[in-house]
Each structure stands twice: as C-alpha cells, then as structure tokens.
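Here is a short report on one protein model.

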Amino acid sequence: EPDTFGFFAKNKGKAVPVIIDYVRNGSSVAVEVCGAGMKHCFLNVTLAGIICPRTAPVKRKGKGDKGKEEKVSPVAAFAQYFVSKRLLKRDMNLIPLGIDKHGNLYGRLEFAAHPERDITKMLLKHGLGKYLPWTGALC
C-alpha cells in the first residue's frame, strides 16, 4: 500500500507525471505514478473543488431506511464517461493540493500536453458535478 501521507509531503503543489488507470466516478480516479526518480505506485485521487454523483448504488443502514438502495443518478454515469473519454490511459500531471486525516488525496489534474485545460472546470461547466468549497479552497 502506498504511503499517501509521505507522497503528499514530498510533492505538495508540484506537478507529478501520472497515467490515469481507472475512473471511479466523475471526481475520483486511480492514477499510476510514473515520474522519473519517483517510486512506482498507484494512488486514488479525488479532484479538488468538485463532487460528482456516485456511480454505484449505496445501501442505507439507518433505522427507517430498512436497507433501501439509493438510486444512481443518470448524471453519474455520464460524468464518469465524460472523464474516462478525456483522461483514461493518458499522460497527465497530478498536482497534490491536500490530504485529509484518512489519507484521501485531493488534487488537480492537468493534461501533460495542455496544462491550461482543467477537467474540474470542464465538469462544472457541463453541469456534471457540484462545486465543493472546502476542497475548492485548496486550488
């Protein structure tokens, strides 16, 4: 298991070359760290400044819910597709911006060839996610 805290401490605010390995939902991806001089590892990254709907149903375990499943929003699947189509298996730069006490890494992804393009802004522009102020402040 990668040392997310160590990775963040060493690379905060720096562009780290990665390849997008898996898109979990519109705002969460798994990346393969592949920079020169870096330890090869896989990390889960949540995009800073946005939250997209979950793509898998969630079972509620509250008293009154009796194990009801939350319905998956149609926007969730499209947000995942939108990100997959643009990022999957592409060379990107990850800029680690924050980490929480559970080791969840928050960052910004830039296209290696076009750093001015920001997937978070693209998702927000198309209404595929909501702005998340507490991680947006990290940007």
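The model is predicted.

**Confidence and packing**

The chain averages a pLDDT of 87. A score of at least 70 is reached by 87% of the residues. Two elements mark the ends of the range of mean pLDDT. Strand β2, residues 28-33, has the highest mean, 96. Helix α4, residues 133-136, has the lowest, 84. Where pLDDT is low, the predicted coordinates should not be read in detail.

The chain has 139 residues, and 40% of them count as buried. Take the contacts between residues at least 6 apart in sequence: 57% of these join residues at least 24 apart.

**The largest pocket**

The largest pocket holds about 470 Å³ of space. Its lining counts 24 residues. Arg-24, Asn-25, Ser-28, Thr-46 and Asn-104 lie nearest the centre of the pocket. The lining divides by residue class as follows.

| Class of lining residue | Count |
|---|---|
| Nonpolar | 12 residues |
| Polar | 10 residues |

Which strand gives the largest share of the lining? Strand β3 does, with 5 residues. At least two residues each come from β1 (16-25), β3 (41-47), β4 (50-51) and β6 (105-111).

**Glu-110**

Glu-110 sits in strand β6, one of the strands that supply the pocket lining. Is Glu-110 buried or exposed? Its relative accessibility is 15%, and the cut-off for buried is under 20%, so Glu-110 counts as buried. The side chain of Glu-110 makes a polar contact of 3.3 Å with the side chain of Arg-108. Leaving aside residues up to four places away in sequence, Glu-110 touches Met-92, Asn-93, Ile-95, Pro-115 and Arg-117.

**Gly-13**

Gly-13 lies in the loop between α1 (4-11) and β1. How far apart are the C-alpha atoms of Gly-13 and Arg-108? They are separated by 9.4 Å, although the two residues are 95 residues apart along the chain. Beyond residues up to four places away in sequence, Gly-13 touches Ile-95 and Pro-96. Ile-95 is also among the residues that Glu-110 touches.

Terms used:
Residues are numbered from 1 along each chain as its sequence is written. This is a predicted model: local features need pLDDT of at least 70, side-chain atom pairs count only at pLDDT 80 or more; totals for chains, interfaces and linings use all residues. Side-chain values use heavy atoms; hydrogens and water are left out. pLDDT is the predictor's confidence in each residue, from 0 to 100. Helices (H or I, at least four residues) and strands (E, at least two) are DSSP runs, numbered from the N terminus. On a 1 Å grid over the protein atoms alone, a cavity is a set of points where a 1.4 Å probe fits but cannot get out, and a pocket is an open set with protein on both sides within 12 Å along at least five of seven lines; lining residues have an atom within 4 Å of a point. Grid points are joined across faces, edges and corners, and a volume is the space filled by probe spheres set on the points. Ala, Val, Leu, Ile, Met, Phe, Trp, Tyr, Cys and Pro count as nonpolar, Asp, Glu, Lys and Arg as charged, and the others, Gly among them, as polar. Buried means under 20% relative accessible area, exposed over 50%, partly exposed in between (1.4 Å probe, protein chains only). A polar contact is a pair of N or O atoms within 3.5 Å; within protein, one must be able to donate a hydrogen and the other to accept it, and residues adjacent in sequence count only if both atoms are side-chain atoms. Contact means heavy atoms within 4.5 Å.
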